[in-house]
Amino acid sequence: MNKTTISPDEIRQAVRDRYGKIADTTGTEKSTGCGCGSGGCCGGDASVTQLDQVSRLYQDPDVLSLPEEVTALSLGCGDPVAVAALQPGQTVLDLGSGGGIDCFLAAAKVGLEGRVIGVDMTPSMLEKARANQKWVGAENVEFRLGEIEHLPVQDGSVDVIISNCVINLSPDKPQVFREAFRALRPGGKLAVSDIVTDGDLPAAVKNNMAAWAGCVAGAWDVKDYVAAIEAAGFVDVTVEATYWDQRMIDEAIGQLEPEVQAQMQQTEQPSLDPQKAVYSARVTAWKPA
Ligand SMILES: C[S@@+](CC[C@H](N)C(=O)[O-])C[C@H]1O[C@@H](n2cnc3c(N)ncnc32)[C@H](O)[C@@H]1O
């Protein structure tokens, strides 16, 4: 596997800066055209309305009743709440909760006898999520500051873990999956939407900071991704490809520096054509009972 030479701390800082900026500017004029900032991770497309972007990702009609403040900060690449098939009364943990969209959708499913905890490492994003919570009036949601590699929850305290387009951003994915395993109760479920690849991306891409923060460089080959989940102790891992909208891929690649784009084109493995190789997937796994 091509490894990045960028240090984990540099990656976390770049990711925090990027998403802090998005949180600070979303809802202002400055947010238009800011990469990941306008509906869909790395995929703001000025020709598509926010609602259209969100409707593409989510099948759940509940999403249409969320306030614009929430949908404006939708930065995911799928619908992990649908994948999770939540039941009333469950405790749900959202890794990298951003502006809170999936927490609010999950909160409606688990009801007042259940609860949802969103964890995010970017302080401005957390502020936005808490403000959004007031708009939504979701009493059973709590947002906590923290890294998904060091989850601020007790062992075995969660029924279901969801995450939307975040684990690709972590410089230590095996640690994220170990922490998820620790946090889940026996028999608990992991339900994730994330970016993965079919084959390994070129080293030049993996070493490009903008491509990390833009959800491309940190994406792992799906085989390595599944192996890391299994190594953490999970069983019955399933992966379903939900290929990215072509425009979203173009947008993500268009953010890369020209020489990195050229490097992506020059790859010798046909499967590494980034138009085909980088995709969004639904991933589920279980902690043995
Ligand atoms: C692409 S956005 C997705 C936000 C949200 N899940 C959604 O679907 O709208 C990524 C979010 O994950 C957070 N994040 C990235 N890496 C993280 C880490 N290692 N620990 C905690 N949060 C992280 C960022 O601050 C940002 O809010």
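By class, twelve nonpolar, nine polar and four charged residues make up the shell around the ligand. The model described here is predicted. Among the 25 residues around the ligand, those that come nearest are Gly-76, Gly-96, Gly-98, Thr-122 and Asn-164. Two or more residues of this shell are contributed by each of helix 1 (8-25) and helix 5 (101-110).

Strand 8 (residues 278-286) takes part in two antiparallel pairings. With strand 5 (residues 184-197), strand 8 runs antiparallel and is joined by nine bridges. Strand 7 (residues 235-242) is likewise antiparallel to strand 8, and six bridges join these two strands.

Helix 2 (residues 50-57) has Gln-53, Val-54 and Leu-57 as its buried residues. These residues lie on the same side of helix 2 because they cover an arc of only 95° around the axis. The packing partner of the buried residues of helix 2 is helix 3 (68-71).

Methods
Residues are numbered from 1 along each chain as its sequence is written. This is a predicted model: local features need pLDDT of at least 70, side-chain atom pairs count only at pLDDT 80 or more; totals for chains, interfaces and linings use all residues. Two strands pair if DSSP finds at least two bridges between them. Helices (H or I, at least four residues) and strands (E, at least two) are DSSP runs, numbered from the N terminus. A residue is buried if 20 or more other C-beta atoms lie within 10 Å of its own, exposed if 12 or fewer, and partly exposed in between; C-beta atoms are placed from the backbone. The arc is that of the directions from the helix axis to the C-beta atoms. Two residues are in contact if their C-beta atoms, placed from the backbone, lie within 7 Å. A residue is near a molecule or strand if its C-beta atom, placed from the backbone, lies within 6 Å of it. Ala, Val, Leu, Ile, Met, Phe, Trp, Tyr, Cys and Pro count as nonpolar, Asp, Glu, Lys and Arg as charged, and the others, Gly among them, as polar.
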